[in-house]
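Let's take a friendly walk through a protein model, with its confidence, packing and charge pairs as the stops.

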Amino acid sequence: MADPQRGSVGAAPRGIVPRVLQSWVAPRRVVRGLSDMPEGSKLGVLMSAMLIFLIAQAPGHARMAQIDPAVPFQARMGGALLAVMFMMPILAYGLAALASLLSRLTPWRLTPEDSRLALFWALLAVAPAMLLAGLVAGLVGQGSALALVQAVSGLGFLMIWGAGIAALARRK
């Protein structure tokens, strides 16, 4: 029986949080369902991901400020703010453009708009894993636990981004 909130049986989930969670299981279906997202919303997805990434860094910076008070927490977070909220979006747009250009070397074309969607959504979808990595960095610090969480986050990002590209690329 179809759920009126979710659409037909097997349809992509509605809402950001269910889609983020579903992206770890069926990223192609989720990204394909977002393919008509307007550019303003894509920018909102990117900036939301960057804000979560900034928040995720706070525990690690707090720990480092306690260990080495020569650089206070506010200065560390100020630098992170500059990097994450101002520099990373520019780099994300550049990486999406590069992925779109490189797709021209393959039989699968990826429009710049679809390239941005795949990358920006992958960043948002991996944000919960980044929050976990931030907690591990703040509570445990450097070590194998942090390396493991960061590796899972990185592999998750690559898997979701690759699946998004595969879902949106069109044959020449």
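What follows covers confidence, the nonpolar cores, a surface patch and the salt bridges.

## Ground rules and confidence

Please keep in mind that this is a predicted model, where local features need pLDDT of at least 70 and side-chain atom pairs count only at pLDDT 80 or more, while totals for chains, interfaces and linings use all residues. Residues are numbered from 1 along each chain as its sequence is written, and side-chain values use heavy atoms, with hydrogens and water left out.

The pLDDT, which is the predictor's confidence in each residue on a scale from 0 to 100, averages 90 for the protein, and 92% of the residues score at least 70. Residues 1–9 are another matter: their pLDDT is below 50, and beyond near neighbours in sequence this stretch has ten contacts in the model. A contact here means heavy atoms within 4.5 Å.

## The nonpolar cores

A nonpolar core is a set of buried Ala, Val, Leu, Ile, Met, Phe, Trp, Tyr and Cys residues joined through side-chain atoms within 4.5 Å. Buried means under 20% relative accessible area, exposed means over 50%, and partly exposed is in between (1.4 Å probe, protein chains only). The largest core has 36 residues, and those with the most contacts inside it include Met 50, Phe 53, Leu 119 and Trp 161. The elements giving two or more residues to this core are α2 (27–33), α3, α4 (73–102), α5, α6 (127–139) and α7 (144–168). Its largest share, nine residues, comes from α5. Helices are DSSP runs (H or I, at least four residues), and strands (E, at least two) are too, numbered from the N terminus.

Which residues does Leu 123 touch, not counting residues up to four places away in sequence? They are Leu 46, Ala 49, Met 50, Phe 53, Ala 92 and Phe 157.

## A nonpolar surface patch

On the surface, Trp 24, Val 25, Leu 148, Val 152 and Met 159 form a nonpolar patch with about 480 Å² of accessible area together. Met 159 sits in helix α7 and, at 38% relative accessibility, counts as partly exposed.

## The salt bridges

Side chains of opposite charge can pair when their charged atoms come close. With a salt bridge taken as a side-chain nitrogen of Lys or Arg within 4 Å of a carboxyl oxygen of Asp or Glu, the count comes to five. One of them links Lys 42 to Glu 39, with the closest N and O atoms 3.1 Å apart. Both residues lie in helix α3 (residues 39–67), three residues apart, about one turn of the helix. Lys 42 is buried at 3% relative accessibility, whereas Glu 39 is partly exposed at 32%.

Glu 39 also meets Arg 116 in a salt bridge (3.1 Å, N to O). Arg 116 lies in helix α5 (residues 112–125) and Glu 39 in helix α3, so this pair ties together parts that are 77 residues apart in sequence. Arg 116 forms a salt bridge with Glu 113 as well, at 4.0 Å between the closest N and O atoms. Through shared partners, Glu 39, Lys 42, Glu 113 and Arg 116 join into one network.

Conventions
Patches are made of residues with over 30% relative accessible area and no salt bridge: like charges are joined within 9 Å, nonpolar side chains (Val, Leu, Ile, Met, Phe, Trp, Tyr) within 5 Å. Accessible areas come from the Shrake-Rupley method with a 1.4 Å probe; for residues, only the protein chains shown count as cover.
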